[in-house]
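Hello,

Here is the structure I promised to pass along.

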Amino acid sequence: MDQQQLRDYLDQLNDQIDSIHAPENDKAQLAGLIEEIERQLSLPELDNPPHTLVEQVESMMSSFERDHPTVSGILNNIMVTLTSMGV
């Protein structure tokens, strides 16, 4: 359930990347975050400490909070879901 919900949030975030007016490097950071989360979901035994994903999401959430509240809200949902999954 949590993984499916997380994938739904990642799809929502991906849709937002296409529609927001933001610098390309901000969009690239979001896309990179999506890729990293998907990689961790498919290969959980990777050496990257899982807590760094939550930290990355939290950092991006605060940077998008003012100008892109929808993106920030999706990032918050992703962070909560990752935390509930024990990541």
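In which hand of crossing, left or right, does α2 pass α4? The crossing is left-handed. Please keep in mind that this is a predicted model.

Let me start with that pair. Helix α2 covers residues 24-42 and helix α4 covers residues 69-84. Their axes lie 13 Å apart, and the packing angle is about 20°. Angles under 35 degrees count as roughly parallel, so α2 is roughly parallel to α4. On the α2 side the contact is made by Leu30, Leu33 and Ile37, while α4 brings in Val71, Leu75, Ile78 and Leu82. Sorted by class, this contact of α2 with α4 has seven nonpolar residues, no polar ones and no charged ones.

Next comes the packing of α1 with α2. The axes of α1 and α2 come within 10 Å and cross at roughly 160°. Since angles over 145 degrees count as roughly antiparallel, α1 is roughly antiparallel to α2. The crossing of α1 and α2 is left-handed. From α1, the residues in contact are Gln3, Leu6, Arg7, Leu10, Leu13, Asn14, Ile17 and Asp18. From α2, they are Lys27, Leu30, Ala31, Ile34, Ile37, Glu38 and Leu41. This contact of α1 with α2 divides into nine nonpolar, two polar and four charged residues.

On to the core. The largest nonpolar core has 24 residues, and the members that touch the most others are Leu13, Leu30, Ile37, Val57, Leu75, Ile78 and Leu82. Two or more residues come from each of α1 (2-19), α2, α3 (51-64) and α4. Leaving aside neighbours within four places in sequence, Ile37 is in contact with Leu6, Leu10, Leu53, Val57, Ile78 and Leu82.

His68 sits in the loop between α3 and α4. Is His68 buried or exposed? The relative accessible area of His68 is 16%, and buried means under 20%, so His68 counts as buried. Apart from neighbours within four places in sequence, His68 is in contact with Ile20, His21 and Ala22.

Technical notes. Residues are numbered from 1 along each chain as its sequence is written. This is a predicted model: local features need pLDDT of at least 70, side-chain atom pairs count only at pLDDT 80 or more; totals for chains, interfaces and linings use all residues. Side-chain values use heavy atoms; hydrogens and water are left out. Axes are lines fitted to C-alpha atoms, for helices over the stretch in contact, and angles run from 0 to 180 degrees between N-to-C directions. Helices (H or I, at least four residues) and strands (E, at least two) are DSSP runs, numbered from the N terminus. Angles under 35 degrees count as roughly parallel, over 145 as roughly antiparallel, 65 to 115 as roughly perpendicular and the rest as oblique. A crossing is left-handed if the near helix is turned anticlockwise from the far one by less than a right angle, and right-handed if clockwise. Contact means heavy atoms within 4.5 Å. Ala, Val, Leu, Ile, Met, Phe, Trp, Tyr, Cys and Pro count as nonpolar, Asp, Glu, Lys and Arg as charged, and the others, Gly among them, as polar. A nonpolar core is a set of buried Ala, Val, Leu, Ile, Met, Phe, Trp, Tyr and Cys residues joined through side-chain atoms within 4.5 Å. Buried means under 20% relative accessible area, exposed over 50%, partly exposed in between (1.4 Å probe, protein chains only).
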